[in-house]
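Please look over the structure below with its sequence at hand.

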There are 4 protein chains.
Amino acid sequence: MKKIAVLTSGGDAPGMNAAIRAVVRKAIYHGLEVAGVHQGYAGLISGKIETMHLGSVGDIIQRGGTMLQSARCPEFTTDEGQEKAISQMKKHGIDGLVVIGGDGSYRGALALTEKGMPAVGVPGTIDNDIPGTDFTIGFDTALNTVIDSIDKIRDTATSHERTFIVEVMGRDAGDLALWAGLAGGAETVLIPEESFEMEDMIERLKSGHERGKKHSIIIVAEGVMSATELAERLKTSANIETRVSVLGHIQRGGSPSARDRVLASQFGAKAVEVLMDGKKGRAIGIQNHQVVDYDLKKAFEKAHGTDTSMYQLSKELSI
Amino acid sequence: MKKIAVLTSGGDAPGMNAAIRAVVRKAIYHGLEVAGVHQGYAGLISGKIETMHLGSVGDIIQRGGTMLQSARCPEFTTDEGQEKAISQMKKHGIDGLVVIGGDGSYRGALALTEKGMPAVGVPGTIDNDIPGTDFTIGFDTALNTVIDSIDKIRDTATSHERTFIVEVMGRDAGDLALWAGLAGGAETVLIPEESFEMEDMIERLKSGHERGKKHSIIIVAEGVMSATELAERLKTSANIETRVSVLGHIQRGGSPSARDRVLASQFGAKAVEVLMDGKKGRAIGIQNHQVVDYDLKKAFEKAHGTDTSMYQLSKELSI
Amino acid sequence: MKKIAVLTSGGDAPGMNAAIRAVVRKAIYHGLEVAGVHQGYAGLISGKIETMHLGSVGDIIQRGGTMLQSARCPEFTTDEGQEKAISQMKKHGIDGLVVIGGDGSYRGALALTEKGMPAVGVPGTIDNDIPGTDFTIGFDTALNTVIDSIDKIRDTATSHERTFIVEVMGRDAGDLALWAGLAGGAETVLIPEESFEMEDMIERLKSGHERGKKHSIIIVAEGVMSATELAERLKTSANIETRVSVLGHIQRGGSPSARDRVLASQFGAKAVEVLMDGKKGRAIGIQNHQVVDYDLKKAFEKAHGTDTSMYQLSKELSI
Amino acid sequence: MKKIAVLTSGGDAPGMNAAIRAVVRKAIYHGLEVAGVHQGYAGLISGKIETMHLGSVGDIIQRGGTMLQSARCPEFTTDEGQEKAISQMKKHGIDGLVVIGGDGSYRGALALTEKGMPAVGVPGTIDNDIPGTDFTIGFDTALNTVIDSIDKIRDTATSHERTFIVEVMGRDAGDLALWAGLAGGAETVLIPEESFEMEDMIERLKSGHERGKKHSIIIVAEGVMSATELAERLKTSANIETRVSVLGHIQRGGSPSARDRVLASQFGAKAVEVLMDGKKGRAIGIQNHQVVDYDLKKAFEKAHGTDTSMYQLSKELSI
């Protein structure tokens, strides 16, 4: 291994820059050359590849987004696209690749590895939905952004004694909603992994109101239903008035939290070690408080799952 | 004047608590008694009135929302409702009232004054739309919340080279959008006070793109049209892909900015002075950097207007 | 177990309120009565004990500090003081106690347990220095406060090409400095657990400067030496000019981060479960991503230690 | 006027980047060429001058510090230094200069103007101490940073019932301390512009304590005395225990507030207009809510003064 490359792919997540910095500096520390690929797999195919130096990643650890940018690339799902990418890499003398992104990005890493180009996956997504790692880069920052928003909404909810529905990201994964519900003191949390009965929820809201709750906050992951739909159902089934807030894209941005910067630094450095060790087709993660690498294929096996004890706790503490 | 009361009415705004604190402490400093009315005019009618002490307003200067809460009160728009309120105030020995809120709240203050109960209006609304004052309590905080959100969205916009439409509050008033556009470095700002041509806007977006702009941010005040509608029009008229973010209720909450706390403190204190001076039917404001009081009726006269030089500047700086 | 009590002791830490809330609600959820003790062990002796209800802990999850307050209590280190406390608890019908605090607080919990009053320790301190738990309540928030400050200082450091020394809390524990160094991209981190040579440090600073580093940030834990002393030594030994920033008490306050709120909620609830299970002399912690309880005495055994891999990584990434 | 240059000088202040952006874009909008000078007057002498384009100032409006950097330059206080600078400017075809900084920077602008090179001063300093303008760029951000710190310290002050002394920047100017005192709800504010009696202050602290104040916060501008000295004096004269927090350099950094970004944008644009109009030796400011230009010499005349009504109000509201 003489020269490695790094790219970011899929939706951007806070901490991706910290991970890029770690890859670059760790590689240089160990005497490797390192290149940055712009715009994800699209840039890998078209050759948007630049040598990176220590200074290339100065003053980026604190920045949201990704300095290498990201882009969708349907071409890369084809054999032809993947081979073009490998040619480009060979042309640039690249022996290994670090891919920072979500599960879509991991499929690309696996394809490259199977075609002979060692690639390692670093989990960068706010959704915290990669099997094999307890946390992904960006989750902690997104969670704090959601909490900050809920705190603001609570001011109005309390002042006007209103019920608010806050829709957070998470099509298939409820971690953001679940953690936000627990940290935000929400009365109700709806996540894709747990079924719920409209009647139970209405019952909870009503009994809370009877006990004198000044306000209620309901968190719904977008994958369950939209906040607007939920508001309509509460109105039609139980005549409960609610206000709706869809947090949207602010959840993706912002300066990464300390935790995300540390995780990103550890993951980026580990990815370089894994490539230097000649390992192939590995993913990086944190399991039980330890940074680890594991078979990239495990990342596709099944959903990361949700912590039912947290779900239960959230219910108990919001009585 | 021996005893005054204070209430908050209309939508809550950050800094209302700082204003309540100022009213209470300024009154006590001058030897007056002071009462807090809960839930706005509704509480005034139903007698949710409590004596307030120095300690009642301890540790609230930094809190969003309003500790006295707010509520809608259709009954108060009637003569009967207003007379009930005056009876309650007399029963509690109250000689004057400070009303913190927006223009709807001011109408109530005017009605009470005309019925013999001196009331003074303190502008508390994030919309910055009260004629006669350059700034309202809550505007600066809401503006910073919007800017913080735009900064987050810009991370993603840059990383993915996308155009984002950000919808901010403001049904009739464009100040929040206009200031946010200038402070957020938005390419385009649409406000109710200024007409715009779809063609010009499309032209701007396209020429910016040709000059190499990595991303564009469009701010639209909700009173112009919804972000969703604008996105559809850009898509159908010019095949421009955009992402939409509706900031919603987070704009109303949060710990007040320093500026809002200072303004609220000055306004609350001035309101007490005005009542002590025996003035009737006055509104408090800041004009040309001076805290002033003026005829409450002027607050209804015409729109606060928008600063066309800022609008022009916003265009010039986002080329 | 029919009635339990909760107190906070030692230096306040963000998330203590979330832990109090969890103790109160979890207890009520399971049909227990619960009392809050004001001002720590001092209040336990003097009987500042109040019954708490669901509403007593409404709207506190997001607040820094501790609503139950904390205070030093030399009297409680004596047998007599401890017996007074037990009498008070018996008088109030209290069967068990949750103590939220640092290691000093734990000694009190152990003493009570040994005198027959079951007490459980919940780790609440920004120092992250309790053996047996990977994280303490407050650490994550303090870390983010430090990072936020470093980001601000970096603006000036870069603009003026200066070297800054930032002193963070940690008399015996270097976790805050170490994590902050890694997350803040500091060039050098000095912690009590690792010896350092002044010469190496100077060498690092000089070689960084020669390679074109625009600025340097040095983090020093207060237990190593003061920032002022370090600045003087760098000046006298190597004529290196630095600026000094002592972060001080801001590290203790602020709204808790999402992570601290979740941890506090889990810990508080677990403490109630442990008491309900009739366990005595236990401490709550998180080990390898699992919330656990363990023998309170283990919390005194030896230092929590520091993560040498993080220390090494911090060095490698700041070349 | 065909080509202008812009530099930042003196201590960095949040919003300087927004001002640079405004100068560059406004100039280009009007068909001028524009150059950026690195490292202030030192770079002007040594010729660190680069042409700036629209893209040179992309994505900087939200960044603290100054992308053009700043540096001290004793050489520039000499005639020789100033002439070198003018030669460099002529060499680069520069007809006018925008200087963003504090009063030291203004002296340089005046000297250049008197030597025939039109220069205009834009007030960029967190101290808010430039005569002729109600606000300087950076003040609002620094104020919010101070307030945020006070809010954190208040958490601990309340939890432990302690008195804190918070030292803020301001050698000769008390605006930051005064505004922070009012916005932070401090009990006592000590500023250079107002004399104070130790006895009165002690009296205030004691009477507040007797009335049941849970905590006290004292703000002291560094120009009055250090927080440490004040703590010692309170201890020796009245046996009052306090804790000390020196906010230090965090006050200079951070992403600029919305207000500072707007002010910086207006000031930068106005500076370009003033140069285009052929005016010489002008300073930019905001007076009574209007952006204005005025004779640069007025900026040296006398202290900006402090608002005694705010000082009085601060006392009245903290009873």
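Predicted model: local features only at pLDDT ≥ 70, side-chain atom pairs only at ≥ 80, totals over all residues.

Residues are numbered from 1 along each chain as its sequence is written, chains are lettered from A and ligands numbered from 1 in the order in which they are written, and side-chain values use heavy atoms, with hydrogens and water left out.

**Sheet of chain A**

- Chain A has an open sheet of seven strands in the order E3-E2-E1-E4-E5-E10-E11, with mixed pairing. Strands (E, at least two residues) and helices (H or I, at least four) are DSSP runs numbered from the N terminus, and two strands pair if DSSP finds at least two bridges between them.
- Strand E3 (49–51) and strand E11 (290–295) of chain A are the edge strands, each pairing on one side only.
- On average, neighbouring strands of this sheet are turned by 25° against each other, direction ignored.
- Strand E10 (residues 282–287) of chain A runs antiparallel to E11(A), and six bridges join them. A:Arg282 has A:Asp295 in E11(A) as its bridge partner.
- Helix H9 (residues 258–276) of chain A packs on the sheet and touches E1, E4, E5, E10 and E11 of chain A, its direction making about 140° with that of E10(A). Contact means heavy atoms within 4.5 Å.

**Helix contacts between chains**

- Helix H6 (residues 175–184) of chain B packs against helix H9 (residues 258–276) of chain D at about 75°, with the axes 8 Å apart. Axes are lines fitted to C-alpha atoms, for helices over the stretch in contact, and angles run from 0 to 180 degrees between N-to-C directions.
- H6(B) and H9(D) are therefore roughly perpendicular (65 to 115 degrees).
- From H6(B), B:Trp179, B:Leu182, B:Ala183 and B:Gly184 meet D:Ala258, D:Arg259, D:Arg261, D:Val262 and D:Ser265 of H9(D). These residues divide into five nonpolar, two polar and two charged. Ala, Val, Leu, Ile, Met, Phe, Trp, Tyr, Cys and Pro count as nonpolar, Asp, Glu, Lys and Arg as charged, and the others, Gly among them, as polar.
- Helix H1 (residues 16–29) of chain A and helix H11 (residues 308–317) of chain C pack at about 85°, with their axes 8 Å apart, and are therefore roughly perpendicular.
- A:Arg21, A:Ala22, A:Arg25, A:Lys26 and A:Tyr29 in H1(A) meet C:Gln312, C:Glu316 and C:Leu317 in H11(C). That contact has three nonpolar, one polar and four charged residues.

**Cysteines**

- The count over all chains is zero disulfides (pairs of cysteine sulfur atoms within 2.5 Å).
- B:Cys73 is buried, with a relative accessible area of 17%, and C:Cys73 is buried at 16%. Buried means under 20% relative accessible area, with a 1.4 Å probe and protein chains only.

Key: Parallel < 35°, antiparallel > 145°, perpendicular 65-115°, else oblique. Buried < 20%, exposed > 50% of the residue type's maximum accessible area, 1.4 Å probe, protein only.
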